[in-house]
Amino acid sequence: MELKSKLCLVVLVFSVLLAVSTGLDYKERDPELRQCMHQCQHQKGYDEQQKQICEQRCDDYIKQKRQEERQRRRGGGGRGDTSFVRYDEDMEQYQGGQQQQQFDQNPYLFEDQDFDTIVETDQGRVQILQKFTEKSDLLRGVANFRIGALITKPHSFVAPHHFDADCVFFVYQGRPTISMVRGDKRESHNLERGDILRVPAGTPVYIINRDENEKLFVVKLLHPVNLPDQFEAFYEGGGENPRSFFKAFSPEVLEAAFKTERDELQRLFGQQRQGSIMKASREQIEKMSHSSRSSEGLWPFHGDQPSTPFSTSSKSGPFNLLRKRPSQSNRHGRLFEADSSDYKQLEELDLQISFANITRGSMIAPFFNSRATKISFVLDGEGFFEMACPHLASQGSSQGGSQRQQRSSSPIYQNVRGDLRRGTVYIVPAGHPVTAIASRNNNLQILCFEVNAKDNVKLPLTGKKNVVSQFEREAKELAFGVPVREVDRIFNKQEGEFFLEGPNNQQQGRIRSVV
């Protein structure tokens, strides 16, 4: 009996030691956890308790991530798997685990975990970013916009549907054919990389990826027309999956509306179970892509002029952003911009769309928009952004008279900084100075939807044509408290414009206060 008790005790002690050693080994081996904890220990202004809380959050995050990975391997994936890295197998080389978790410190930055997968089949998926105001009330200016992406395999078909939202597509990868129907007319467009196309609210649309080898990746911006910041998809076709809205009507109503027997209707609306994104045959793809008549202007939505695929006067057809002459271009990057003068369809939504390709190791010179708020989607590469923000600083300052005294004498600006990689979204409100910097390893490609674009002006803060260089001599001396020659020497030293050589040292994203 005594021997048995001792044996049980030995087994228990061994189990405890094994669990502890396994936990220590996992903490030692996981590079993401080590880096996260290292950042906690070296975070400026943190006391010991804050460092411990930070480390615990790192540990909890890694454990949750590992658990989700195990569930996906067991077939429990789906809505929880929202990584944009998945859309290209070549990105398996990307070491996503090397980034630090940025928790909720930065209300202007959105990452993989902030997306919901609202549709997923074997052939593709649709991912939508959470409502902007769920992250912060500071984003109320873009509250009635939503952003997401459509990703499909080659030769896929997206079932006919319409949204109660205006939708603007940008094609980054693949070769889609998009067909739209309104009234008794249909219009189809064969699109390619760089194309912008607006699909008005309530327009039935279906999509194919006619490419045999390349996946389709389309970024879409939605502007709901019914409920603020909410939209729904309505499927004209379908059966059980996707479920057609026809099935919401009573059988007797459908019999009268279609003048068809009930059993035939049940058969029609009960067959489809493949989901809203499905495989199409080569013959089906060829027929639908060859039927495209975008160059003939089969059906202009708002006029009787024929639409051409890349015409600046097209009423309903697409516009190719990357075929336009860049507004800024040098060895450090290129910027392509399109507004309502290029593509009339952007006027009603008061949008401008831009695509920036920042050369590796380069940066965008600090600037701000006078009126427009930027919704930025990182399409490829890595880097970081920095932005000066007075709102976070005012939230963190002391309450009462001391805060009022501070704000009346001098504002405090917070340095908002965040890591950027494929699939990251970040918001830049109007008036906020901002810059984006590409890593030394890859170019950084960013798609921007600029809301409130009418009469907006980009105001550079450094380089040629910077704002300060336009000040009068006396204004410079009074503003900076130094002789004008010192002001001019510094502000005129940078001869580059918009795209500049980047800083030598790139660190992990963080937030700090700057007075």
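This is a predicted model: local features need pLDDT of at least 70, side-chain atom pairs count only at pLDDT 80 or more; totals for chains, interfaces and linings use all residues.
Tutor: Residues are numbered from 1 along each chain as its sequence is written, and side-chain values use heavy atoms, with hydrogens and water left out.

Student: Why is His332 called buried?

Tutor: Buried means under 20% relative accessible area, exposed over 50%, and partly exposed in between, using a 1.4 Å probe and protein chains only. His332 comes in at 12%, so it counts as buried.

Student: Where does His332 sit?

Tutor: In the loop between strand S15 (328–330) and strand S16 (333–338). Strands here are DSSP runs of E, at least two residues, and helices are runs of H or I, at least four, numbered from the N terminus.

Student: What makes the link between His332 and Ser362 a polar contact?

Tutor: The term asks for a pair of N or O atoms within 3.5 Å; within protein, one must be able to donate a hydrogen and the other to accept it, and residues adjacent in sequence count only if both atoms are side-chain atoms. The side chains of His332 and Ser362 are joined at 2.9 Å.

Student: Which residues does Phe110 touch, beyond four places in sequence?

Tutor: Contact means heavy atoms within 4.5 Å. Among the partners of Phe110 are Leu129, Phe132, Lys135 and Ile427. Phe110 belongs to strand S1, and its relative accessible area is 0%, so it is buried too.

Student: How do you know that S1 and S23 pair?

Tutor: Two strands pair if DSSP finds at least two bridges between them. S1 and strand S23 (residues 425–428) have 2 bridges, in the antiparallel sense. Leu109, for one, has Tyr426 as its bridge partner in S23.

Student: What makes S1 an edge strand?

Tutor: The open sheet has 7 strands in the order S1-S23-S20-S25-S17-S16-S15, with antiparallel pairing. Strand S1 (109–110) and S15 each pair on one side only, and these are the edge strands.

Student: How many disulfides does the whole structure have?

Tutor: A disulfide is a covalent bond between the sulfur atoms of two cysteines. The test used here is a pair of cysteine sulfur atoms within 2.5 Å, and the search finds 0.

Student: Are Cys389 and Cys448 buried or exposed?

Tutor: Cys389 is at 0%, so it is buried; Cys448 is at 4%, so it is buried as well.
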